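Trainee: I have a new model open and I'd like to learn how to read it feature by feature. Can you walk me through it?

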Amino acid sequence: MCGRTSCHLPRDVLTRACAYRDRQGYQQLPEWRDPDKYCPSYNKTPQSNNPVLLSRLHFEKGADSSERIIAPMRWGLVPSWFKEDDPSKLQFNTTNCRSDTMMEKLSFKLGSIGAADSPEEWEKVWDNWRLLTMAGIFDCWEPPKGGDILYSYTIITVDSCKGLNDIHHRMPAILDGDEAVSKWLDFGEVSTQEALKLIHPTENITFHPVSPVVNDSRNNTPECLVPVDLPVKKELKASGSSQRMLQWLATKSPKKEDSKIAQKEESDVPQWSSQFLQKSPVPTKRGSAGLLERWLKQKEEPLAKRPHFQ
């Protein structure tokens with residue numbers, strides 16, 4: 001459903017945009033984990049690295065679960081139980097996961113937020129005056145033959161709100177406000193059942209159409225986000241010949257008098273005959289089928305009744 005995002009803010013600006021208040025009410029900035037893996041882009045695609053906000057408790061035992069960390073992760077979840085040595089061999093599309101079935105799937109576990117300037121649905125782009133915080137699920141995968149642990153995530157989707165139904169029937173689960181973000185991340189204090197209550201459609205968004213250049217993942221320019229005017233579909237007008245045809249079809253059917261005249265004119269036309277076919281009182285049937293039927297009847301008559309020709 002959601003196949004593009006944009007997060008082009010410099011790292012320090014993004015850090016300030018993710019500021020939060022701790023349990024004591026003091027404003028804090030999240031710390032980065034593997035900051036060098038963050039690559040700002042106007043056009044981020046699945047399998048690219050994107051900034052994910054999550055609780056410090058996921059990485060440090062005994063840490064305060066309300067403290068936050070930003071970690072670049074692969075977009076497209078690779079579950080920890082995946083046994084192949086190459087994540088690209090995963091035969092499932094884990095870019096998004098549906099909110100109504102995610103608890104039934106072994107691939108997913110709660111507790112992350114994808115932070116983006118705006119997610120895009122191909123030629124449509126979301127926009128807001130603050131970071132768009134989308135609820136997500138992450139996991140860590142370790143290659144069977146050893147190697148670096150891969151952190152990856154997926155974006156949770158819900159039924160689309162009324163304002164977006166004409167664009168797509170699904171939308172990201174947006175966490176609207178810092179309170180919702182805190183509850184979603186703080187798995188040490190907030191139960192899974194309470195956190196899931198935050199997953200629902202929201203109307204608190206704006207959006208605008210963007211250029212088709214966003215469809216090509218190689219394009220990474222501000223043009224991917226600039227609003228454009230959609231072309232107005234012109235109403236097709238019938239040509240002169242088409243209009244005359246429509247007028248002709250709209251005329252009334254011929255009157256009975258006209259049909260009688262046509263029949264009379266047809267009766268004046270000489271009828272074709274042959275020495276092998278005799279006229280019959282039966283009304284003449286038009287077409288080759290009628291001629292064949294009459295010829296067969298002639299064949300059935302006794303020889304005495306048939307005309308003889310010298």
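This is a predicted model: local features need pLDDT of at least 70, side-chain atom pairs count only at pLDDT 80 or more; totals for chains, interfaces and linings use all residues.

Trainee: Which residue forms a salt bridge with Asp85?

Mentor: That's Lys89, with the closest N and O atoms 3.5 Å apart. Lys89 is partly exposed too, with a relative accessible area of 44%.

Trainee: How many salt bridges does a search of the whole structure find?

Mentor: The search turns up 15. Take Arg11 and Asp36: their closest N and O atoms are 3.9 Å apart, and the cut-off is 4 Å, so the pair counts. Arg11 sits in helix H1 (residues 11–17) and Asp36 in the loop between S4 and S5, so this bridge ties together parts that are 25 residues apart in sequence.

Trainee: And are those two buried or exposed?

Mentor: Arg11 is partly exposed at 38% relative accessibility, while Asp36 is exposed at 71%.

Trainee: What about Asp178 and Arg68?

Mentor: Their side chains meet in a salt bridge at 3.3 Å, N to O. Asp178 belongs to helix H2 and Arg68 to strand S7, so the pair connects parts that are 110 residues apart in sequence. Look at the accessibility as well: Asp178 is partly exposed, at 36%, but Arg68 is buried, with a relative accessible area of 4%.

Trainee: Which residues are linked in a network of salt bridges?

Mentor: Glu31, Arg56, Glu60 and Glu67 are linked that way.

Trainee: In what sense do S6 and S7 pair, and over how many bridges?

Mentor: S6 pairs with S7 (residues 68–75) in the antiparallel sense, over 7 bridges. To find one of them on screen, pick Asn50 and go to Met73, its bridge partner in S7.

Trainee: Which residues touch the most other members of the largest nonpolar core?

Mentor: Met73 comes up again here: along with Leu14, Ile156 and Trp184, it touches the most other members of that 44-residue core. The elements giving two or more residues to the core are S6, S7, strand S12 (132–141), strand S13 (150–159) and helix H2 (178–185).

Trainee: What is Leu14 in contact with, leaving aside its neighbours within four places in sequence?

Mentor: The partners are Cys7, Leu9, Trp32, Tyr38, Pro51 and Leu131.

Trainee: Trp32 and Tyr38 are both aromatic residues in that list. How do I describe a pair of rings?

Mentor: You give the distance of the centres and the angle of the planes. The whole structure has 3 aromatic pairs. Trp32 and Tyr38 make a tilted one, 5.4 Å centre to centre with 40 degrees between the planes. Both Trp32 and Tyr38 are buried.

Trainee: How are the rings of Phe82 and Trp141 arranged?

Mentor: Their centres are 6.2 Å apart and their planes are at 45 degrees, so that pair is tilted as well. It links distant parts of the chain: Phe82 is in the loop between S7 and strand S8 (96–98), and Trp141 is in strand S12, 59 residues apart. Phe82 and Trp141 are both buried.

Trainee: And disulfides: how many are there?

Mentor: A disulfide is a covalent bond between the sulfur atoms of two cysteines. Here the count comes to 0. As for individual cysteines, Cys97 is buried at 3% relative accessibility, and Cys140 is partly exposed at 29%.

Trainee: Last one: what should I look for in the backbone angles?

Mentor: Most residues other than glycine have a negative phi. Asp34, however, has a positive phi near 55 degrees. Asp34 lies in the loop between strand S4 (31–32) and strand S5 (41–44) and is partly exposed, at 39%.

Trainee: Where is Gln47, and what is its phi?

Mentor: Gln47 is in the loop between S5 and S6, with a positive phi of about 80 degrees although it is not a glycine. At 56% relative accessibility, Gln47 counts as exposed.

Conventions: Residues are numbered from 1 along each chain as its sequence is written. Side-chain values use heavy atoms; hydrogens and water are left out. Two strands pair if DSSP finds at least two bridges between them. Helices (H or I, at least four residues) and strands (E, at least two) are DSSP runs, numbered from the N terminus. A nonpolar core is a set of buried Ala, Val, Leu, Ile, Met, Phe, Trp, Tyr and Cys residues joined through side-chain atoms within 4.5 Å. Buried means under 20% relative accessible area, exposed over 50%, partly exposed in between (1.4 Å probe, protein chains only). Contact means heavy atoms within 4.5 Å. Rings of Phe, Tyr and Trp (its six-membered ring) pair if their centres lie within 6.5 Å; planes under 30 degrees apart count as stacked, over 60 as edge-to-face and the rest as tilted. A disulfide is a pair of cysteine sulfur atoms within 2.5 Å.
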